[in-house]
Amino acid sequence: MLRNLFLFSCFSLIFIFTMNAQVPQSMTGNWEGLVNEGERSSPYHVKLDVEVVKKGEVAGKIWYRAYNCGGTLTYLGINENGIHFFKENLTTKGDCIQGGIIAAHMVDGKFGFIWSHEDYSHQAKGLLYRPL
């Protein structure tokens, strides 16, 4: 399902975004979990802190523990299929790649996370959970 969401998300970037979009309440708060780049690497930990904001505003923070990097997320909007998009701006670079776009969708109360480089050369995906 996440693979299909990613493929659809990539093609949907052309059709982004509704004018008065904002991050929904269901996506706000702290999220963490493992994401996977397939055969490129072992799964690694991602932590998000997301706030309700409008399109174009900083929506929160992201941290990749294994790569010692993180930064802010700017909310780009939502497409006609309910996929929300965030632009990653790494302020602590560590071993991460700058230029990430995150496609997100709630999946059974979990944060469906798909990261791709803006040129689609890399992708990572996983389900993030609210920490206990």
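How many helices and strands are there in the protein? The predicted model has one helix and eight strands. Helices (H or I, at least four residues) and strands (E, at least two) are DSSP runs, numbered from the N terminus. Along the sequence, the pattern reads α-β-β-β-β-β-β-β-β. Residues are numbered from 1 along each chain as its sequence is written, and side-chain values use heavy atoms, with hydrogens and water left out. Because the model is predicted, local features need pLDDT of at least 70 and side-chain atom pairs count only at pLDDT 80 or more, while totals for chains, interfaces and linings use all residues.

The eight strands form an open sheet with antiparallel pairing. Their order is E1-E2-E3-E4-E5-E6-E7-E8. Two strands pair if DSSP finds at least two bridges between them. Strand E1 (29-35) and strand E8 (123-128) stand at the edges. Each has a single partner strand, so one side of each lacks a neighbour in the sheet. On average, neighbouring strands of this sheet are turned by 25 degrees against each other, direction ignored. For such angles, axes are lines fitted to C-alpha atoms, for helices over the stretch in contact, and angles run from 0 to 180 degrees between N-to-C directions. Strand E2 (residues 44-50) and strand E3 (residues 58-64) run antiparallel and are joined by five bridges. Asp 49 has Lys 61 in E3 as its bridge partner.

Of the 132 residues in the protein, 44% are buried. Buried means under 20% relative accessible area, exposed over 50%, and partly exposed in between (1.4 Å probe, protein chains only). In soluble globular proteins, nonpolar side chains tend to be buried together. A nonpolar core is a set of buried Ala, Val, Leu, Ile, Met, Phe, Trp, Tyr and Cys residues joined through side-chain atoms within 4.5 Å. The largest such core has 26 residues. Those with the most contacts inside it are Val 46, Leu 48, Tyr 64, Phe 86, Phe 111 and Phe 113. Two or more residues each come from E1, E2, E3, E4, E5, strand E6 (100-107), strand E7 (110-117) and E8.

Contact means heavy atoms within 4.5 Å. Leaving aside neighbours within four places in sequence, the contacts of Phe 113 include Val 35, Val 46, Leu 48, Ile 62 and Tyr 64. Ile 102, Ala 124 and Leu 128 are also among them. Of the contacts in the protein with a separation of 6 or more, 45% are between residues 24 or more positions apart.

One disulfide is counted (a pair of cysteine sulfur atoms within 2.5 Å). It joins Cys 69 to Cys 96, with an S to S distance of 1.6 Å. Cys 69 lies in strand E4 and Cys 96 in the loop between E5 and E6, so the pair ties together parts 27 residues apart in sequence. Cys 69 is buried, at 0% relative accessibility. Cys 96 is partly exposed, at 23%.

The loop between strand E4 (69-78) and strand E5 (84-92) holds Asn 81. Asn 79 is found in the loop between E4 and E5 as well. Asn 79 is buried because its relative accessibility is 3%. Asn 81 has 37% and counts as partly exposed. The side chain of Asn 79 reaches the backbone nitrogen of Asn 81 at 2.9 Å. The side chain of Asn 81 makes a polar contact with the side chain of Glu 80 (3.4 Å). A polar contact is a pair of N or O atoms within 3.5 Å; within protein, one must be able to donate a hydrogen and the other to accept it, and residues adjacent in sequence count only if both atoms are side-chain atoms.
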